[in-house]
Amino acid sequence: MKRVLFYLSSFLLLANVAQAAPGIVAQGRAFAIEACSACHQVRPGQKPPPAVHDANFDEDVLAPSFMEIARTHGTNIEYLRKHITEPEWPMREQMMDDYYLYDIIAYIQSLTPKPAAEHPK
């Protein structure tokens, strides 16, 4: 029963992220600046942080900007959740409460490019 309630509450939380209120997006932006901007360009116009050295391949790796992440994965909430909490090397695992996580995801989604309006013919 606890598992069913957990999955139900997770589903409702994920559904709400897609329709995030402006306050949630603003809070996610603040959390992202605090937790992610050392490696990622979080805001448009922000100077990109320096590349991170990957000792496994002896190369410097530039973390993708949040705008790039939004363009490629902004509508996939589960992908964003998984890759923040269980990232690929060289990104470190992010240990954060779901409250912070889903606010950051809402902020990333807010950066997703909107489809161009169709022009009348």
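**Exercises on a predicted model**

In this predicted model, helix 3 contributes five residues to the lining of the largest pocket, which is the largest share.

**Exercise 1.** Determine which elements supply at least two residues each to the lining of the largest pocket, and describe that lining by class.

*Solution.* Begin with the pocket itself: its volume is about 740 Å³. Next, consider the residues around this space: 29 residues line the largest pocket, and H40, P64, I69, H83 and M91 lie nearest its centre. Then assign the lining to elements: at least two residues come from each of helix 2 (22–36), strand 1 (52–54), helix 3 (66–73), helix 4 and helix 5. Finally, sort the lining by class: 20 residues are nonpolar, six are polar and three are charged.

**Exercise 2.** Identify the buried residues of helix 4 (residues 77–85) and explain why they lie on the same side of the helix.

*Solution.* First, list the buried residues of helix 4: I77, L80, I84 and T85. Second, examine their directions around the axis: because these residues cover an arc of only 110 degrees, they are on the same side of helix 4.

**Exercise 3.** Decide whether Q109 is buried or exposed, and find what its side chain reaches.

*Solution.* Locate the residue first: Q109 belongs to helix 5 (residues 98–110). Its relative accessible area is 13%. The cut-off for a buried residue is under 20%, and therefore Q109 is classed as buried. Lastly, follow the side chain of Q109: it reaches the backbone oxygen of G74 at 3.3 Å.

Methods. Residues are numbered from 1 along each chain as its sequence is written. This is a predicted model: local features need pLDDT of at least 70, side-chain atom pairs count only at pLDDT 80 or more; totals for chains, interfaces and linings use all residues. Side-chain values use heavy atoms; hydrogens and water are left out. Helices (H or I, at least four residues) and strands (E, at least two) are DSSP runs, numbered from the N terminus. Buried means under 20% relative accessible area, exposed over 50%, partly exposed in between (1.4 Å probe, protein chains only). A polar contact is a pair of N or O atoms within 3.5 Å; within protein, one must be able to donate a hydrogen and the other to accept it, and residues adjacent in sequence count only if both atoms are side-chain atoms. The arc is that of the directions from the helix axis to the C-beta atoms. On a 1 Å grid over the protein atoms alone, a cavity is a set of points where a 1.4 Å probe fits but cannot get out, and a pocket is an open set with protein on both sides within 12 Å along at least five of seven lines; lining residues have an atom within 4 Å of a point. Grid points are joined across faces, edges and corners, and a volume is the space filled by probe spheres set on the points. Ala, Val, Leu, Ile, Met, Phe, Trp, Tyr, Cys and Pro count as nonpolar, Asp, Glu, Lys and Arg as charged, and the others, Gly among them, as polar.
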